[in-house]
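Morning, everyone. Please bring up the sequence and the structure, and keep both in view while I talk.

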Amino acid sequence: MRYLTIPSIILAIAPAAIAKSSITATLDSAYVTMGNITSLTVEVVEPSDANASVGFIPQTMPPQVEVVGEASCDTVSLSDDVRQITRRIILQSFDSGAYALPPVLYLNDGDTMLSNIVTLKVNPVDVSNLEDIHPDADTLTVLSRWYDFLPDWIIDYWGWILLTLLIVGGGVCAVLIFTRRVKVPFMPVRKPIPPYEMARQRLDNLREQHLCERGEERAYYTELTDILREYIDKRFNINAMEMTSRQILDRLNSNPETRPSESLMRQILEVADFVKFAKMRPMPDDNVKSFRNAIDFVENTRPLPEPEADDITDNKEDILTDKITQQ
């Protein structure tokens, strides 16, 4: 509050000791800068045997001077017959100028004594050297525009708020991932290779290994049949990897797309079964024929390319022209 009071010292002493009592007020610093503080010290000297009591009488301060605190009362014995009571009052002002402080009131058995009047000089702050406070002052001012509008509880507890949001967000993501509601690829998903291209790549790699030339016919036919089984599985959705040779041929014969090439697979599977189970060594011509039949089977069952938009339009126009001509 701007309007506070200086406590006045009330001492009740014996009437015979009045002449020996005195009160003095001094300022620790009579000249202060705006915003700084100073102490008003009040000293009372009285007989040691005085029956004194301390009280407060309000005294109005100038509106430009504020009482911001008060130190405790100290009592010092100056001699056997005299003692000194000292009280300090903390003052502060934010307005420049000279201010006369009211005297401190002293009561002694009904008589009143006043301390001397002191003057407080408040000097203004020199702002001539405050033009360039900091090289980043303009940047800080721009950044603080949004900062000043934030509530105090966000500024005080922003660390805990951020930690809470991270924990809650992590928990939600974990629940979605473990319940399989959201699929999060940990590695970039590669575009799957079409079955036809995969089969041709593996057949080319098999040819470059020259297994038959090294006498590894069993490994050669095992890899050759695995390539074709996987191709049939992915191309026609036939679980050829788990079927016997007879079951594969039956399924190929029942499919209109694979029926014309069923004889090619028959030759490959028959030779492969002899090599893998009967441990027979085929002739070199059989190996070449089996590989050629594998290539022909993959090429014959290769999916047809989808017609482009222009081709579809041309076909529709040709059909429409034929109908008009017939009419």
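One thing before that. This is a predicted model.

Let's start with helix H8, residues 284-300. What span should its 17 residues have? At 1.5 Å a residue, the answer is 24 Å.

Now the side chains of H8. Which of its residues are buried? The list is Asn-287, Ser-290, Phe-291, Asn-293, Ala-294, Ile-295, Phe-297 and Val-298. Here is a rule to keep in mind as you read that list. An α-helix has 3.6 residues a turn, so residues three or four places apart point the same way. And what do the buried residues of H8 pack against? Four helices: H4 (195-209), H5 (217-236), H6 (245-254) and H7 (262-277).

Next, charge. Side chains of opposite charge can pair when their charged atoms come close. How many salt bridges does a search of the whole structure find? It finds 11. I'll pick out a few.

Take Arg-202 and Glu-223. Their side chains meet in a salt bridge, at 3.3 Å from N to O. Arg-202 sits in helix H4 and Glu-223 in helix H5, so this pair ties together parts 21 residues apart in sequence. Glu-223 has 28% relative accessibility, so it counts as partly exposed.

Now Arg-281 and Glu-217. Their closest N and O atoms are 3.0 Å apart, and they form a salt bridge. This pair links distant parts of the chain: Arg-281 is in the loop between H7 and H8, Glu-217 is in helix H5, and 64 residues separate them. Are the two partners buried or exposed? Arg-281 is exposed, with a relative accessible area of 62%. Glu-217 is buried, at 8%.

One more pair: Glu-216 and Arg-214 form a salt bridge at 3.7 Å, N to O. Glu-216 is partly exposed, at 34%. Arg-214 is exposed, at 51%.

Last, the surface. Which residues make the nonpolar patch of about 650 Å²? They are Trp-153, Tyr-157, Trp-160, Leu-163 and Ile-167. Helix H3, residues 158-178, gives the largest share, with three residues. Tyr-157 lies in the loop between helix H2 (152-156) and H3.

That's my tour. Questions, please.

Note on methods: Residues numbered from 1 in each chain as written. Predicted model: local features only at pLDDT ≥ 70, side-chain atom pairs only at ≥ 80, totals over all residues. Heavy atoms only, no water. Patch = residues over 30% accessible without salt bridge, like charges linked within 9 Å, V, L, I, M, F, W, Y side chains within 5 Å. Areas by Shrake-Rupley, 256 points an atom, 1.4 Å probe, with all protein chains shown as cover. Salt bridge = Lys/Arg side-chain N within 4 Å of Asp/Glu carboxyl O. Helix = DSSP H or I, 4+ residues; strand = E, 2+ residues; numbered from the N terminus. Expected span 1.5 Å × (residues − 1). Buried < 20%, exposed > 50% of the residue type's maximum accessible area, 1.4 Å probe, protein only. Contact = heavy atoms within 4.5 Å.
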